[in-house]
Amino acid sequence: MSDNDYIGMGQFVWFIGVVEDRQDPLRMGRVRVRVYGWHSENRAEKLKTNEIPWAQVVQAPTSAAMGDIGETPLGLVEGSWVVGFFLDGIRYQRPIVLGSFSGIPKELGSEIPFERIGFSDPNGVYPKRKDEPDVNRLARNDLNFDHPLEEGKDETQQTSIPIANSSDTWDEPSNPYAAEYPYNHVRETESGHIKEYDDTPENERIHEYHKAGTFYEVNSRGDKHTRIVANNYTIIAGDDYVRVEGNVNLYVNSNCTTYIKGNWDIQVDGNKNEVIKGTLTQNVTGAVSETYGATQSTQVTGNIDIDGARIDLN
């Protein structure tokens, strides 16, 4: 075996290139990369996109990259700039991608004639922005480049939500976003799902957002804010324990149905006030026992009907 067959002992070849295809038929995270200095800018020459060898992508050591364990190596998109090396040296047939790097695009993907110019997204999608860094706007918090997420969350904030038996109301928390570069660690997917781990001093946050508008956010005080724009389903196979040190205000804008198959025990150490503006109907199939430790006062503006096999009043 020649020394050239050992990585680093022969003609070790680095490369910089642009991803042109990620539709790996083996579905193992490979990409096709047009390499500067080796592949032609003209896709009709050397080489066409479908003739470029597939490149494997190196994953971080925090990912096992084996048998469903770890993260999927699917972050690259067509148009991503990457750096790597050829595992087979000057044979140029076994490329390995070590990572990607950002820049400041000068053209939109839709502005480039992709049918003939290489080193760009053949689909004409990426980049979607130009004349600004590729680093996520939420991480940069540049006043000249607002992220649409922040404005959208503010516009849908709920306010003046009623509190039962009171003239008081409460408001949904306002947006706590106040990130400073370089402390906000952001991951955004193609469709618009977002995760933020913000380490901005005195404004630390955790935020997870679905493109439809559902999200949860934890601010620097530890307050958790959850907004669900559609339905919410919770199933607990075991027991559920909840302790609330402060007040609980529940507002239901429609109907509320509670079905308890077992017993229902309620203990109120203070007062209990109920205001029913409609009809009260109670159907009890078993015995009813009521004990009052003080005076009972009942006021009825209409009639009282009591039917029973025997009525005892003492």
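1. A cavity, as the word is used in this note, is a set of grid points where a 1.4 Å probe fits but cannot get out, and its lining residues have an atom within 4 Å of a point. The model discussed here is predicted, and a search of the whole structure finds 2 cavities of 30 Å³ or more.

2. The largest cavity holds about 70 Å³ of space, and its lining consists of Lys-153, Asp-154, Gln-157, Pro-173, Ser-174, Asn-175, Pro-176, Phe-215, Glu-217, His-225 and Arg-227. Helix H2 (148-155), strand S11 (215-218) and strand S12 (224-227) are the elements that give two or more residues to this lining, which by class has 3 nonpolar, 4 polar and 4 charged residues.

3. The second largest cavity, with a volume of about 30 Å³, is lined by Val-33, Val-35, His-39, Ile-52, Pro-53, Phe-86, Tyr-92 and Pro-95; this lining has 7 nonpolar residues, 1 polar residue and no charged residues.

4. The count of salt bridges comes to 20, and Lys-153, Glu-196, Asp-198, Arg-205 and Glu-217 are linked in a network of them. Lys-153 and Glu-217 are also among the residues that line the largest cavity.

5. Glu-78 and Arg-22 meet through their side chains in a salt bridge at 2.7 Å, N to O, a pair that links distant parts of the chain, 56 residues apart. Glu-78 has 5% relative accessibility and therefore counts as buried, whereas Arg-22, at 25%, counts as partly exposed.

6. In the salt bridge between Arg-221 and Asp-223 (2.6 Å, N to O), Arg-221 counts as exposed at 65% relative accessibility, while Asp-223 is partly exposed, its relative accessible area being 36%.

How values were computed
Residues numbered from 1 in each chain as written. Predicted model: local features only at pLDDT ≥ 70, side-chain atom pairs only at ≥ 80, totals over all residues. Heavy atoms only, no water. 1 Å grid on protein atoms, 1.4 Å probe; cavity = no way out; pocket = protein on both sides within 12 Å on 5 of 7 lines; lining within 4 Å. Points joined across faces, edges and corners; volume = space filled by probe spheres on them. Helix = DSSP H or I, 4+ residues; strand = E, 2+ residues; numbered from the N terminus. Nonpolar A, V, L, I, M, F, W, Y, C, P; charged D, E, K, R; others polar. Salt bridge = Lys/Arg side-chain N within 4 Å of Asp/Glu carboxyl O. Buried < 20%, exposed > 50% of the residue type's maximum accessible area, 1.4 Å probe, protein only.
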